[in-house]
Amino acid sequence: MMRSWRVIFALCFIVFAMAHHAAQAASWPNRPIHWIVPYPPGGGTDLVARVIAAHLEKALGQPVVVDNRPGGSTVTGTAVLASAEPDGYTIGMVFDSLAINAVLGVSTSYNPETDFTPIIKLADVPLVFTVNTQQVPMKTLPELVTYSKSHPGWFTFGSLGPGSPHEIGFLWFKAMSKMDALVVPYKGIAPALQDVVGGQVKGMFVGVAVADGYIDQGILHTLGVTSPKRLPNAPNVPTIAEQGYPDYDYVTFYGLAAPKGTPPEIVERLNTEINRVFQMPEVRAQFEKTGATIGGGTPRQFGEFLAANFAKFKKIMALTGEKSQ
């Protein structure tokens, strides 16, 4: 008899929880939604978030507030996302750093593989190897690599922080080319780019749109693109692969996730609305300016992509020689 009551109680609890989630989803959203970006304002991540958020709030009828939470190679902002109530009112961007930090053994308050609910892939983002024109007169990567080998310590690279996707992409190229370089860490893209522009460091990996103005002014120039194909908005810039490194193919991504346990109805609504935003010509044009390839797809597809990304970075880390912490 006792077991029967326990079964009945458990079933009642499940029915209650399902009814609660359904009611929660039906009334959602009835207040502002916070969109966490674990990088400082001013970079490509911030730009993409604000473009989508502006259209998303029109579709949902509630403000979508972009909340920049930089620090710890995205760990600070990602921890805020993981610990938020799974009610659909906190969503956040995730990146390659989710897998990178896991592979490096970075201590976090969350499990990067299980504590998030995938919503949608926002974009694939190639990077460009950008250098200060006055500091680096070389016009091709092979020239830069050759010069760096004969001048140890000369080339300095601005990193977005240890374990950042931009740094890992460069370290992979460094290992492949055997070039000599000193990596200088920064807390985000804005201070790193400022020092490249000022000549305090000689170069960095960056999204093409972030450096466009400085390239147009001749302050910076670009030596290579990390993707296997040239960018539509920078067709004259050769890929790294076609300059003697055919195995180099490094494209970062922007994604959107929610805390674990967020009702699937809310996840599906967010996914549906953002896929609709991606069909807008003006949004596609804005993404093209950033050099990003617009994302989309289902939550399940994004979840499968995230799982594959963990395996990918285990292989890259083995090639770079980066060690677990």
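At what angle do helix 2 (residues 44-60) and helix 9 (residues 264-277) pack, and how far apart are their axes? The angle is about 120 degrees, and the axes lie 10 Å apart. Here the axes are lines fitted to C-alpha atoms, for helices over the stretch in contact, and angles run from 0 to 180 degrees between N-to-C directions. Helix 2 and helix 9 are therefore oblique to each other; angles under 35 degrees count as roughly parallel, over 145 as roughly antiparallel, 65 to 115 as roughly perpendicular, and the rest as oblique. Sorted by class, the contact of helix 2 with helix 9 holds seven nonpolar, one polar and two charged residues. In this sorting Ala, Val, Leu, Ile, Met, Phe, Trp, Tyr, Cys and Pro are nonpolar, Asp, Glu, Lys and Arg are charged, and the others, Gly among them, are polar.

The model is a predicted one, in which local features need pLDDT of at least 70 and side-chain atom pairs count only at pLDDT 80 or more, while totals for chains, interfaces and linings use all residues. Residues are numbered from 1 along each chain as its sequence is written, and side-chain values use heavy atoms, with hydrogens and water left out.

Now for the chain as a whole. It has 11 helices and 11 strands; these are DSSP runs numbered from the N terminus, with helices (H or I) of at least four residues and strands (E) of at least two. Along the principal axes, the C-alpha atoms fill a box of roughly 80 × 45 × 30 Å. A compact globule of 325 residues would have a radius of gyration near 20 Å, and the chain agrees with that at 22 Å. That radius is taken over C-alpha atoms, and the globule rule is 2.2 Å times the number of residues to the power 0.38. Buried residues make up 50% of the 325, buried being under 20% relative accessible area, exposed over 50% and partly exposed in between (1.4 Å probe, protein chains only). Of the contacts with a separation of 6 or more, 78% join residues 24 or more positions apart.

Helix 2 also has helix 10 (residues 281-290) as a partner: their axes come within 11 Å and cross at roughly 175 degrees. Helix 2 and helix 10 are therefore roughly antiparallel to each other. On the helix 2 side the contact uses Leu47, Val48, Val51, Ile52 and His55, and on the helix 10 side Glu282, Val283, Gln286, Phe287 and Thr290. This contact counts six nonpolar, three polar and one charged residues.

Another pairing joins helix 4 (residues 97-104) and helix 11 (residues 299-320), which pack at about 55 degrees with their axes 9 Å apart. That angle makes helix 4 oblique to helix 11, and their crossing is right-handed. Leu98, Ala99, Ile100, Ala102, Val103 and Leu104 of helix 4 meet Asn309, Phe310, Phe313, Lys314 and Met317 of helix 11. By class, that gives nine nonpolar, one polar and one charged residues. Helix 4 is mostly covered, with seven of its eight residues buried. Those buried residues pack against helix 3 (75-83), strand 3 (90-94), strand 4 (116-126), helix 6 (165-177) and helix 11. Just after helix 4, glycine 105 takes a positive phi of about 75 degrees.

A few spots have backbone values worth a look. Most residues other than glycine have a negative phi, and most peptide bonds are trans. Threonine 74, in the loop between strand 2 (64-68) and helix 3, has a positive phi near 80 degrees. Threonine 74 counts as buried at 3% relative accessibility. Lysine 178 has a positive phi too, of about 65 degrees, and lies in the loop between helix 6 and strand 7. Lysine 178 is exposed, with a relative accessible area of 59%. The peptide bond from tryptophan 28 to proline 29 is cis, with omega near -5 degrees; proline 29 sits in the loop between helix 1 (2-27) and strand 1 (33-37).

Note on methods: A crossing is left-handed if the near helix is turned anticlockwise from the far one by less than a right angle, and right-handed if clockwise. Contact means heavy atoms within 4.5 Å.
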